[in-house]
Amino acid sequence: MDIAVLVKASLDVNMIKADSEGRILLDSIPLAISEYDRNAVAEAVRIKGELGGRVVAFSVLTWGPADKRAKEIENVMREALALGADEAHVVVDDAILPSDVSVTAETLSNLIKKTGDFGLILAGEGSMDMMSAQLPVRIAYKLGYPVATFARKIDVINGAVKVTRDLEDVLQVVELPLPAVVSVTGEINQPRLPTLLQIRKSFAKPYKAYTISEIGMDTPEKLFPFDDIKLVTVSRKNMIIEGENLEEIAEKLIDKLIEEGVVRV
Amino acid sequence: MKALVIGNKTSHLVDGLGFIQALSSETGVSIEAYGLLYGGGAEETKGFTKIFSMPEASPEAVANTVSKLIEKMTLEMVIAPAEKNGTEILSRVASVYDMPMITEVSGISKAGENTYLERAIMGGRATALYRFKTPMAVTVPAKKFKASESGATPEFEELQVIDGVTKVVEVLPKEKGAVDLEAADVIVGVGRGFKAKDDLAMAFELAELLDGEVGCSRPVAADFKWLGEDRWIGISGKKIRGKLYIAVGISGAPQHIMAASDTKVIVAVNKDKNAPIFTFSDYGVVADLYQFLPVFIKKLKEKKGV
Ligand SMILES: Cc1cc2nc3c(=O)[nH]c(=O)nc-3n(C[C@H](O)[C@H](O)[C@H](O)COP(=O)(O)OP(=O)(O)OC[C@H]3O[C@@H](n4cnc5c(N)ncnc54)[C@H](O)[C@@H]3O)c2cc1C
């Protein structure tokens with residue numbers, strides 16, 4: 001059984017850049033593999049180990065500009081390949097940038113349909129940058145497949161998949177017929193860092209980038225693009241307590257906390 | 001305009017009603033509220049015209065049932081709790097009707113003629129604004145929008161479940177923690193800077209001295225399982241809003257620290273002077289926690305005379 005895994009080249013939220021007026025400089029924030037997508041790749045590789053088949057990673061570039069980002073999304077996909085995916089297919093096209101969830105879902109489902117037949121499509125529960133947690137479901141409906149979200153455990157058995165969903169108060173186990181889409185949580189596994197050898201091998205694996213017309217799409221209309229993005233400002237005192245030794249530092253800190261009225265002695 | 005609020009608890013209906021009231025007062029559009037409870041039974045919630053009920057079912061079956069209702073009643077908005085089930089159900093409904101969906105709305109604002117729905121993105125470091133238009137699906141966090149429950153008593157109607165291919169085969173309990181971080185005044189947060197579970201004893205001792213609780217970063221709860229999920233602070237865990245947060249051996253990833261942004265004073269203890277946590281804190285101590293915590297605890301005890 002072949003498995004598709006969806007991987008996002010997400011804005012690296014640890015590297016947010018803004019100008020002096022607090023406007024976020026989206027184009028200068030580097031892209032990185034979205035954290036939970038690493039779990040999805042690792043899970044796909046685990047299932048492949050049990051059942052055989054190929055693991056194919058898919059992505060659509062959602063942040064522009066395309067020429068600058070083309071290399072970055074390739075690096076992200078090389079990481080997925082180093083984690084064990086067998087090949088990678090991506091769409092890089094300025095016509096959809098910046099993309100919204102509806103256009104990303106439309107593009108990804110077309111890309112998947114064009115590439116092959118997959119018994120299982122895995123994705124992270126949500127992306128690191130936008131966190132809207134609705135893409136896996138939208139893709140499933142576009143493909144006409146059943147879907148389950150927030151999986152903490154996946155068992156594939158005789159043409160069906162048993163998914164343990166990690167809900168706030170309970171674990172809900174659901175069963176769906178294949179082919180199906182499943183989104184995974186960060187707790188489903190602990191992906192290992194790829195070894196140097198795996199990283200080197202990833203460069204020999206197939207990687208293909210398409211434009212939307214190459215996958216048979218016209219420029220789609222965005223259903224709900226964001227109108228603005230604002231930086232959340234944090235204003236803290238940022239005072240580093242210094243001293244001759246740790247005793248002095250501890251005393252100064254305690255005095256500060258008493259002064260602030262947050263510690264009573 | 002008609003809006004449907006879905007949920008499996010009465011509080012979900014109240015949260016959704018609060019959002020509707022806030023939106024209505026921002027836009028000046030009057031919105032008629034309908035409710036749908038899946039499982040949990042229908043209690044009286046004033047402010048709704050009608051409350052539908054259906055037995056507990058898979059997210060797919062709930063979504064099918066809601067989708068049918070939308071078609072029958074020409075509903076223009078659907079609102080669900082910003083929880084995992086609510087998110088899946090609403091994503092399904094939004095997919096059926098190709099509707100915009102705003103996940104976990106955090107605020108409503110106005111600029112000129114337009115009303116915008118806001119939500120946190122980028123691990124909480126930024127807010128995205130989406131122009132409000134209908135039809136639209138929205139998930140709403142608990143207690144974010146206060147509702148006034150007044151008006152007529154709703155009618156009730158039971159709905160037939162429209163099943164799908166998803167079978168719920170089992171529901172297992174999850175270990176429940178007893179710690180309520182959201183209500184704690186003082187929290188000592190522990191992160192991957194701790195090398196072993198036993199070392200957390202220092203943090204517990206410090207928390208006890210300060211009449212506080214111990215919280216943690218995601219890896220400590222999710223990967224190491226040293227502490228329960230009830231102590232997990234962050235956008236996917238608990239939001240904290242006490243007087244003092246002392247983050248020890250925590251790097252300051254936005255997904256963690258932004259959930260502490262309503263805390264009055266934040267202290268960071270980290271051996272790396274370039275750790276991002278220092279930009280999010282009021283007071284910083286650059287030191288090895290294994291050396292600093294024992295001294296800090298000793299000095300606190302001296303000051304307190306214990
Ligand atoms: C979508 C998404 C959601 C997430 N949600 C959450 C969430 O809700 N909550 C959360 O916490 N995380 C969340 N994360 C994960 C988050 O990005 C970070 O990976 C995590 O918070 C890091 O935890 P940490 O600070 O304990 O570990 P690290 O980042 O590894 O930091 C450890 C720190 O300890 C310091 N240190 C090491 N040894 C010592 C010592 N002896 N003395 C002093 N300091 C020392 C190091 O300098 C370092 O700064 C989420 C991630 C994603 C992508």
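Predicted model: local features only at pLDDT ≥ 70, side-chain atom pairs only at ≥ 80, totals over all residues.
Helices (H or I, at least four residues) and strands (E, at least two) are DSSP runs, numbered from the N terminus.

Residues are numbered from 1 along each chain as its sequence is written, chains are lettered from A and ligands numbered from 1 in the order in which they are written, and side-chain values use heavy atoms, with hydrogens and water left out.

I begin with the backbone. Most residues other than glycine have a negative phi, and most peptide bonds are trans. Which residues does a cis peptide bond join in chain A? They are A:Leu178 and A:Pro179, with omega about -5°. A:Pro179 sits in the loop between β9 (170-177) and β10 (180-184) of chain A. In chain B, a cis peptide bond links B:Thr134 to B:Pro135, and omega there is about 0°. B:Pro135 belongs to the loop between β8 (126-131) and β9 (136-140) of chain B.

Two residues deserve mention for phi. A:Met131 is not a glycine, yet its phi is positive, about 55°; this residue is placed in the loop between β6 (120-124) and α4 (135-143) of chain A. B:Asp211, also not a glycine, has a positive phi of about 55°, and B:Asp211 is found in the loop between α4 (200-209) and β13 of chain B.

Next come the domains, whose bounds are taken from an automatic or database domain assignment. Chain A has domain 1 (3-215) and domain 2 (235-265), and their C-alpha centres are 45 Å apart. Chain B has domain 1 (2-158) and domain 2 (181-304), with 35 Å between the C-alpha centres. In chain B, four residues of domain 1 and five residues of domain 2 make the contact, where contact means heavy atoms within 4.5 Å.

The size of an interface is often given as the accessible area lost when the parts come together. Here, buried area is the accessible area (1.4 Å probe) that two parts lose on being put together, summed over both. For the two domains of chain B this comes to about 350 Å², with 68% of it on carbon and sulfur atoms. B:Gly123, B:Gly124 and B:Arg125 provide 89% of the area that domain 1 of chain B buries against domain 2 of chain B, more than any other three residues. How many salt bridges are counted between domain 1 of chain B and domain 2 of chain B? The count is zero, a salt bridge being a side-chain nitrogen of Lys or Arg within 4 Å of a carboxyl oxygen of Asp or Glu.

I now move to the interface between the two chains. Here 84 residues of chain B are in contact with 75 residues of chain A. About 7200 Å² is buried between chain B and chain A, and carbon and sulfur atoms give 58% of that area. B:Lys84, B:Met122 and B:Tyr283 supply 11% of the area that chain B buries against chain A, more than any other three residues.

Across this interface of chain B and chain A there are 11 salt bridges. One pair in a salt bridge is A:Arg152 with B:Glu229, whose closest N and O atoms are 3.3 Å apart. Over all chains, the whole structure holds 36 salt bridges. Within chain A, A:Glu87 forms a salt bridge with A:Arg54, the closest N and O atoms being 2.8 Å apart. That pair links distant parts of the chain, 33 residues apart: A:Glu87 is in strand β5 (residues 87-91), and A:Arg54 is in the loop between α1 (35-51) and β4 (55-60) of chain A.

Finally, I come to a sheet. Two strands pair if DSSP finds at least two bridges between them. In which order do the six strands of the open sheet run? The order is β13(A)-β16(B)-β15(B)-β14(B)-β12(B)-β13(B), with parallel pairing. The edge strands, each pairing on one side only, are β13 of chain A and β13 (213-216) of chain B.

At one end, strand β13 (residues 239-240) of chain A pairs in the parallel sense with strand β16 (residues 283-286) of chain B over two bridges. There, B:Gly284 is the bridge partner of A:Ile240. Strand β12 (residues 186-190) of chain B pairs with β13(B), again in the parallel sense, over four bridges, and B:Gly189 is opposite B:Gly215 in β13(B). Thank you for your attention.
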